[in-house]
Amino acid sequence: MGFEISTEAYGQFMGRFSGPLAQEFIAFVGIEEGQTALDVGCGAGALTVPLIERLGVASVAALDPSSAFVSSLRTSHPDWSVLRGSAEAIPFADEQFDRTLAQLVVHFMSDPVMGLREMARVTRPRGIVAASVWDHAGEAGPLAAFWRAARDLDPAVRDESGLPGVRQGHLESLFRAAGMPALRSTVLRVSIQCATFDDWWRPFTLGAGPAGEYVASLAPEDRERLRLHCFAAMPQAPFSVDAAAWTVSCTKELSTR
Ligand SMILES: C[S@@+](CC[C@H](N)C(=O)[O-])C[C@H]1O[C@@H](n2cnc3c(N)ncnc32)[C@H](O)[C@@H]1O
């Protein structure tokens, strides 16, 4: 699904949004020195980095199914604990972490309820399970303008609006289905600046995520058609892109079965 790419390419495509989001996510969840954390679906490490800055490298573990991301992180950060694996089968014993977090991951899980259940399992009593997912079903996701342009040219295009957790209220429903009914939820917002149209467009050509895979699947003339359609639709540069993420947390002791 466009995650077997370099961490650099992923960083240019999504890291520009997920880096700032990680700061907001941590502030919402609350993290204190002395705690341990697991970053589920760590990608290129947008959330792992600020977790390590706050808790220390020995107190943070990261997990991702992408062999490209895992091997790249192990090479660039040999002191990090990075495991290859999925949320649906987390390779840790019960009640290991004070914070088990998944930033921009639940919508990619093959079984989100099982993934959230697993996240709760490895979390200590009084610990927090939390997840954040872009509002891809509304018009507030970071890729909304791209998918709108793609749909204009091909109404049958499979965008990200139907993925689990991306529509209002659905992330809460998934937490409840996973046995976590007592929730805190919010919408986190970030904004990035694009100095030129190409700054915005070029990361879509790197094969990252479903949008990058879609661009890569197009014939060169269709890709150019999409680029020109996006150019006509985007504001004149420089412009900003705003993005909103549904975000839910649950304190294990209060509600998990
Ligand atoms: C949009 S990226 C988010 C990466 C990172 N958390 C961030 O905020 O930048 C989604 C990540 O989820 C990972 N992923 C996909 N399916 C997963 C699953 N079932 N369990 C855990 N991670 C998964 C992908 O490999 C990818 O690294």
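The model is predicted. Seven strands form an open sheet with mixed pairing. A ligand is surrounded by 25 residues.

**The sheet as a whole**

- The strand order across the sheet is β3-β2-β1-β4-β5-β7-β6.
- Strands β3 and β6 (184–194) stand at the edges with a single partner strand each, so one side of each has no neighbour in the sheet.
- On average, neighbouring strands of this sheet are turned by 20 degrees against each other, direction ignored.
- Strands of a sheet pair through backbone hydrogen bonds, and the pairing is either parallel or antiparallel.

- Strand β2 covers residues 60–64, and five of its five residues are buried, so the strand is largely enclosed by the rest of the structure.
- In a regular strand, side chains alternate between the two faces of the sheet.
- Both faces of β2 are covered: V60, A62 and D64 are buried on one side, and A61 and L63 are buried on the other.

**Strand β2 and its partner β1**

- Strand β1 (residues 37–40) pairs with β2 in the parallel sense, over four bridges.
- The bridge partner of L38 in β2 is A61.
- The bridge partner of D39 in β2 is A62.
- Between β1 and β2 the chain passes through helix α2 (residues 48–55), and this β-α-β crossover is right-handed.

**Strand β2 and its partner β3**

- Strand β3 (residues 81–84) runs parallel to β2, and four bridges join the two.
- In this pair, A61 stands opposite S81 of β3.
- The chain goes from β2 to β3 by way of helix α3 (residues 67–76), and this β-α-β crossover is right-handed.

**Helices against the sheet**

- Helix α4 (residues 112–121) lies across β1, β4 (97–103) and β5 (123–134).
- The direction of α4 is at about 145 degrees to that of β5.
- Helix α6 packs on the sheet and touches β5, β6 and β7 (239–251).
- The direction of α6 makes about 20 degrees with that of β7.

**The ligand shell**

- Among the 25 residues around the ligand, the closest are S18, G41, G43, A46 and A87.
- Helix α1 (residues 7–29) gives the most to this shell, with three residues.
- Sorted by class, the shell has 13 nonpolar, 10 polar and two charged residues.

**Residue E172**

- E172 is part of helix α6 (residues 170–177).
- Leaving out residues up to four places away in sequence, E172 touches L183, S185 and V248.
- E172 and C250 are 78 residues apart in sequence, and their C-alpha atoms are 9.8 Å apart in space.

**Residue D154**

- D154 sits in the loop between α5 (144–153) and α6.
- With 14 other C-beta atoms within 10 Å, D154 is partly exposed.
- Along the chain D154 and L226 are 72 residues apart, and their C-alpha atoms are separated by 9.8 Å.

Note on methods:
Residues are numbered from 1 along each chain as its sequence is written. This is a predicted model: local features need pLDDT of at least 70, side-chain atom pairs count only at pLDDT 80 or more; totals for chains, interfaces and linings use all residues. A residue is near a molecule or strand if its C-beta atom, placed from the backbone, lies within 6 Å of it. Ala, Val, Leu, Ile, Met, Phe, Trp, Tyr, Cys and Pro count as nonpolar, Asp, Glu, Lys and Arg as charged, and the others, Gly among them, as polar. A residue is buried if 20 or more other C-beta atoms lie within 10 Å of its own, exposed if 12 or fewer, and partly exposed in between; C-beta atoms are placed from the backbone. Two strands pair if DSSP finds at least two bridges between them. A crossover is right-handed if, with the strands pointing away from the viewer, the path from the first strand over the helix to the second runs clockwise. Two residues are in contact if their C-beta atoms, placed from the backbone, lie within 7 Å. Axes are lines fitted to C-alpha atoms, for helices over the stretch in contact, and angles run from 0 to 180 degrees between N-to-C directions.
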